[in-house]
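Q: I have a structure open and would like to learn how to read its features. Please take me through them one at a time.

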Amino acid sequence: MSSVTVRVPAKVNVQLSVGPLREDGYHDLVNVFHAVSIFDEVVAKESDSITVQINGKWADQVPTDDNNLAIQAARALAKHAGRSYGADLVIQKDIPVAGGMAGGSADAAGALVACNELWGLGLPPEDLMEIAGDLGSDVPFSLLGGTAVGTGRGEQLSELPTGGTFHWVFAPANGGLSTASVYGECDRLREVSGAQVPWPQLNDSLMEALGTGDAYALGSNLSNDLQTAALTLRPSLASTLDAGRQHGALGAIVSGSGPTCAFLAIDATHARDLAQSLTATGAAHTAVAAHGPVHGATLI
Ligand code: ATP
């Protein structure tokens with residue numbers, strides 16, 4: 001095989017509950033991931049060494065050296081296989097960079113699936129999940145897709161059944177927010193307030209809304225403990241969220257660590273209209289309609 005293509009989705013967190021800061025610097029999370037139909041495409045071609053090229057409008061914001069998560073994933077897979085394999089990775093990037101939609105993790109997951117196939121390794125999903133967990137806490141979910149709850153640092157995953165398709169609008173912001181700085185701001189705000197941080201708990205009403213496919217109930221149960229920190233670092237996001245609510249979004253939240261704003265729509269037509277209204281009124285410079293859940297990293 002000389003070339004392999006994998007499609008891999010972005011995610012939104014429909015619940016992100018962040019526990020107290022641990023001694024090791026991480027937080028215990030209850031993190032409900034939901035994969036949505038904004039995709040990066042990772043092509044892996046035969047080569048002597050491991051390289052990456054990024055295409056698309058986000059290309060200039062992504063490193064192409066050893067800091068690229070797709071390169072790190074390919075190297076980790078080659079190490080696991082015990083051989084010095086090569087691959088030229090070409091990524092068509094549609095997932096916003098540093099947008100809270102796990103774009104880098106998606107590329108890492110895509111590289112794992114693509115190189116497993118290109119190199120004829122035939123590793124089972126469990127092995128890829130294990131390597132993914134070492135690469136970053138969002139990478140296993142990018143492999144899995146669908147809807148799933150992550151506990152621990154977010155990397156211990158259980159799939160959640162969903163009773164239907166949900167329709168979304170995503171408004172990426174100009175300029176990303178670093179995940180580490182948003183967690184840091186969250187810790188700082190909590191310290192200043194002095195309030196006791198509760199242990200994170202899965203929201204039963206949210207689970208029920210997902211299970212029955214009830215978009216109205218899902219909209220009123222969306223939650224993100226990082227949102228206040230993201231809004232403190234990027235105050236303009238508050239008016240984008242408000243504009244979405246005024247245009248009938250069933251729920252409006254910052255996606256993960258932001259700054260992408262996520263709006264839950266009633267159906268596909270409403271999502272299209274909402275995306276149009278957000279851009280026409282200048283509340284967002286771009287807005288993309290998408291649906292979920294969708295499959296994780298998939299060979300095409
Ligand atoms: P998350 O939602 O998982 O917290 P994010 O969506 O906010 O992450 P990413 O798009 O994954 O953020 O990018 C975070 C940083 O990782 C970027 O600033 C970029 O420099 C770096 N990076 C490394 N490899 C990649 C890649 N393949 N795609 C995107 N960013 C990458």
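Q: Which residues line the largest cavity?

A: First, the ground rules. This is a predicted model, in which local features need pLDDT of at least 70 and side-chain atom pairs count only at pLDDT 80 or more, while totals for chains, interfaces and linings use all residues. Residues are numbered from 1 along each chain as its sequence is written, and side-chain values use heavy atoms, with hydrogens and water left out.

Now the general idea: rolling a probe the size of a water molecule over the atoms shows where empty space is left. On a 1 Å grid over the protein atoms alone, a cavity is a set of points where a 1.4 Å probe fits but cannot get out; a pocket is an open set with protein on both sides within 12 Å along at least five of seven lines; lining residues have an atom within 4 Å of a point. Here the largest cavity is lined by Trp58, Gln61, Pro96, Val97, Ala98, Gly99, Pro172, Ala173, Gly175, Gly176, Pro259 and Thr260.

Q: How much space lies in the largest cavity, and how does its lining divide by class?

A: A volume is the space filled by probe spheres set on the grid points, which are joined across faces, edges and corners. The largest cavity holds about 50 Å³, and the count of cavities of 30 Å³ or more comes to 1. For classes, Ala, Val, Leu, Ile, Met, Phe, Trp, Tyr, Cys and Pro count as nonpolar, Asp, Glu, Lys and Arg as charged, and the others, Gly among them, as polar. The cavity lining has 7 nonpolar, 5 polar and no charged residues.

Q: What is there to note about the backbone at Ala98 and Pro259?

A: Ala98 has a positive phi of about 50 degrees, although it is not a glycine. Ala98 sits in the loop between β4 (87-92) and α2. Helices (H or I, at least four residues) and strands (E, at least two) are DSSP runs, numbered from the N terminus. Pro259 is joined to Gly258 by a cis peptide bond with omega about 5 degrees, in the loop between β9 (251-254) and β10 (261-265). Another cis peptide bond runs from Gly292 to Pro293, with omega near 5 degrees; Pro293 is in the loop between β11 (288-292) and β12 (298-299).

Q: Which residues are closest to the centre of the largest pocket?

A: The largest pocket has about 900 Å³ of space. Of its 42 lining residues, Ala102, Ser105, Asp138, Thr179 and Ser257 are the closest to the centre. The elements giving two or more residues to this lining are β1 (3-21), β2 (27-46), α1, α2 (103-118) and α5 (179-193). By class, the pocket lining divides into 19 nonpolar, 18 polar and 5 charged residues.

Q: At what angle do α1 and α3 cross?

A: Axes are lines fitted to C-alpha atoms, for helices over the stretch in contact, and angles run from 0 to 180 degrees between N-to-C directions. Helix α1 (residues 69-81) and helix α3 (residues 125-135) cross at roughly 130 degrees, their axes coming within 10 Å. α1 and α3 are therefore oblique to each other (under 35 degrees is roughly parallel, over 145 roughly antiparallel, 65 to 115 roughly perpendicular, and the rest oblique). Gln72, Ala73, Ala76, Leu77 and His80 of α1 make the contact with Asp127, Leu128, Ile131 and Leu135 of α3, where contact means heavy atoms within 4.5 Å. These residues divide into 6 nonpolar, 2 polar and 1 charged.

Q: Which residues of α2 meet α3?

A: Leu112, Val113 and Asn116 in α2 meet Leu128, Ile131, Ala132 and Leu135 in α3. That contact has 6 nonpolar, 1 polar and no charged residues. The helices α2 and α3 pack at about 140 degrees, with axes 10 Å apart.
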